[in-house]
Amino acid sequence: MSERTIQANGIEIWCEDFGSPRDPALLLVMGAGGQALLWPDDFCRSLAAGGRHVIRYDNRDTGQSTCVDFAAAPYTLADMAQDAVGVLDAFGIARAHVAGASMGGMIGQTLAIEHGPRLHSLTSIMSSPAGAGILRAILGGGESALPGPAPRVLEAMQATLLRPPRTPAERIEASVRMWRALAGSAEPFDEPAVRARESLMLARARNPDAAQNHQLAIGSSPDRGQLLRQVRVPTLVIHGTDDPILPLPHGRATADAIPGARWLVIEGMGHDFPASAQKEIVRAILEHTATH
């Protein structure tokens, strides 16, 4: 396991890899506002033990990567997909397996659409083919064919909007409140573990407010439903039955849009990686990446 900071697209991107560079590369792309550390260490080590060279990285505006002024330099998911290509280039990787969670799945889908020859396979986890349509579903403005978040998620969002956190303690409380709302029924919510993780990520964030730019990037990006029908990258779509922010139909729509996509439903999983589901997800990714 080693860390490095690479240069790509005019920004710095913090990366960490697990396993042997001689093994097939597996790039992990995290979701909106999330640092690379949201890919659990044990999850990464299990994938590496299965013979994959695992790379996780902080998206722009999170963790130790460059934070930008969105008003002065706006970006979209296509730009974030180009960041992922920059990570592969820095590691000297011509083609890789890509697994993305939530917005990371959207970035992975964009990679499959715009940079298909760089991918051996795609795994889209708890994600959606929607771009700006997601914000329409959340905000209730305009039409959206896919369902919006559960009331408890909207309540957690509203609580943060009404009283934006300022101090480190307030930021951690807001994060714990949101992760509690995002959890499924697979296992009890582990508040001490989430609180410790959020404290660690806050301590290493260059600018914790910059992560909000990811919502703007999603809102500036087109829906991908039609474009995904042209994708020929072998794809596995994983979604939890209890996902309260991107409900199950979002995953089903992703699988339906990509020709030949495999579909795996995890019972009781919310919009997170419960320990009880990680072994099944690791097994599914290793199987999927072994055949392509």
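Trainee: Which residue does Asp83 meet in a salt bridge?
Mentor: Arg60, with 2.7 Å from N to O. Keep in mind that this is a predicted model. The pair ties together distant parts of the chain, with Asp83 in helix 2 and Arg60 in the loop between strand 4 and helix 2, 23 residues apart.

Trainee: Is Asp83 buried or exposed?
Mentor: Asp83 is buried, because its relative accessible area of 1% falls under the 20% cut-off. Arg60 is buried too, at 9%.

Trainee: And what does Arg204 pair with?
Mentor: Its side chain forms a salt bridge with Asp58, at 3.0 Å from N to O. Arg204 belongs to helix 7, while Asp58 lies in the loop between strand 4 and helix 2, 146 residues apart. Arg204 counts as buried at 14% relative accessibility, and Asp58 does as well at 0%.

Trainee: How about Asp89, which residue is its salt-bridge partner?
Mentor: That's Arg118, with the closest N and O atoms 2.8 Å apart. Asp89 is partly exposed, with a relative accessible area of 45%.

Trainee: How many salt bridges does the count come to?
Mentor: The count is 15.

Trainee: Changing topic: where is Trp179?
Mentor: Trp179 sits in helix 6, residues 168-182. Among the residues Trp179 touches are Leu38, Phe189, Val194 and His271. Phe189 is ten residues from Trp179 in sequence, and their C-alpha atoms are 8.7 Å apart.

Note on methods. Residues are numbered from 1 along each chain as its sequence is written. This is a predicted model: local features need pLDDT of at least 70, side-chain atom pairs count only at pLDDT 80 or more; totals for chains, interfaces and linings use all residues. Side-chain values use heavy atoms; hydrogens and water are left out. Helices (H or I, at least four residues) and strands (E, at least two) are DSSP runs, numbered from the N terminus. Contact means heavy atoms within 4.5 Å. A salt bridge is a side-chain nitrogen of Lys or Arg within 4 Å of a carboxyl oxygen of Asp or Glu. Buried means under 20% relative accessible area, exposed over 50%, partly exposed in between (1.4 Å probe, protein chains only). Lists of a residue's contacts leave out its neighbours within four places in sequence.
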